[in-house]
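This report is an introduction for a reader new to the structure.

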Amino acid sequence: MICGRRKTINPNPLLHYANNGSQFHTQKPRPNERPTPPKLRRRIPFVTEVKTVEDPEEALSLFHRYKEQGFRHYYPSYAALLYKLARSRMFEAVETILAHMKDTDMQCRESVFIALFQYYGPQKAVELFNRMPQFNCVRTIQSFNALLNVLVDNDRFDEANDVFGRSYEMGFRPNTVTFNIMTKGWLRKGEWGKACEVFDEMLQKRVQPSVVTYNSLIGFLCRKGDLDKAMALLEDMGQKGRRANEVTYALLMEGLCSVEKYDEAKKLMFDMAYHGCKPQPVNFGVLMNDLGKRGKVEEVKSLLHEMKKRRLKPDVVTFNILINYLCKEGKAVEAYKVLFEMQIGGCEPNAATYRMVVDGLCRIGDFEIGLNVLNAMLTSRHCPRSETFNCLVVGLLKSGNIDGACFVLEQMEKRKVEFDLGSWETIIKFACIEDKGVDELMTVLTSS
């Protein structure tokens, strides 16, 4: 038995499609005849331009401007605009565009609705799913699964379970992804028995469990500390022809680390290769995170070095683990060097990377380097927390960098970030004591 329940039937083996030896031939060009070059997809001017526009209001104006100039918008133009508006949560504008698409009897692709579900939230996603046929769009199991996932991810599991129960009635045959979503929902509620019932139902309906299915179950058991049962599931995967991936091993390693079995977790990582799965950054990350929690930052650095020795390129998450623990240890300047190192190596920092480094530098009072990192962060189109902005302004003022403080205030104004009361008090005190550059500072403050 898989999950300690009734005996399950063995699923059919996967069908393998092989070339039967027949060859595909193309007609050879005649002598002196040039082969016809492949046709390139014609670029649509509006789609190309709207992708470069950051402001959704400007994107909407651009759409109307093209229309006024006689440009006829087709589905790709509408889809590009809808993505832009939905990301900015301009739902009224989204509905206006959708209404126009419906009035023009345009055939819409399912993918645009699946994307809108993510932004709309559960209630509106259900409504939009029900309206999809009005847009000449055939609903498939893909949009059904997307809706189910939105409900589960937004803690509307009872609704998700009801929708799942009506799947056949609605004309959808649940597939592996469908069952995986329901398994995830039951496990989030802590219902191990119900998750096992879903697993058994998969097998009864000849739906093949995937590595994601097993990972959900193994992850739950590891979080609960039931490592013996988790390891048994790993064995069961192999027996059913499912090869564990790096995430499977990372979950088991996390489980071992959570019960203070770091050495066993490390051994498991190096044993992975013998089972046909090469260790990946996520596996090293588990060990690095456990070491960092225990204050062993030097060993974290050693593991990063070990990755490089194995010609395994660290990803942004791996670097972020090291940066996080360096900053917590008060070594923000060293974290700044790691940030520089990852950029040189071709790994793009994300918002979390920049935020940790800026916040770490503020905590140790190195506001000049903090300002440099802020500049790089804004150039990369990431934004720090409001507390970071406030801290930088106050810190730069106290260190005498009025120009730097004014620059940060201007960036706050552009992004409509509020200045907190404590920072106002500090600035007023500073203005009363200092004389130099205060006029410029107060000009910036009163104009914001």
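## Helices and overall make-up

Helices here are DSSP runs of H or I with at least four residues, numbered from the N terminus. The model is predicted. By that definition the protein chain has 24 helices and zero strands.

The protein chain has 448 residues, of which 45% count as buried. Its accessible surface comes to about 25,700 Å², and carbon and sulfur atoms hold 50% of that surface. Among the contacts in the protein chain with a separation of 6 or more, 61% are between residues 24 or more positions apart.

## Val47 in helix α1

Val47 is part of helix α1, which runs over residues 45-50. Is Val47 buried or exposed? Val47 is buried, because its relative accessible area is 14% and the cut-off for buried is under 20%.

Leaving aside residues up to four places away in sequence, Val47 touches Pro76, Ser77 and Ala80. Tyr78 is 31 residues from Val47 along the chain, and the C-alpha atoms of these two residues are separated by 8.8 Å.

## Leu227 in helix α12

Helix α12 spans residues 227-239 and includes Leu227. With a relative accessible area of 11%, Leu227 is buried.

Which residues does Leu227 touch, not counting those up to four places away in sequence? They are Cys222, Leu252, Gly255, Leu256 and Val259.

## Thr318 in helix α17

Thr318 sits in helix α17, made up of residues 316-328. The relative accessible area of Thr318 is 1%, so Thr318 is buried.

When residues up to four places away in sequence are not counted, Thr318 touches Pro281, Met288, Leu304 and Met307.

Conventions. Residues numbered from 1 in each chain as written. Predicted model: local features only at pLDDT ≥ 70, side-chain atom pairs only at ≥ 80, totals over all residues. Heavy atoms only, no water. Helix = DSSP H or I, 4+ residues; strand = E, 2+ residues; numbered from the N terminus. Buried < 20%, exposed > 50% of the residue type's maximum accessible area, 1.4 Å probe, protein only. Contact = heavy atoms within 4.5 Å. Areas by Shrake-Rupley, 256 points an atom, 1.4 Å probe, with all protein chains shown as cover.
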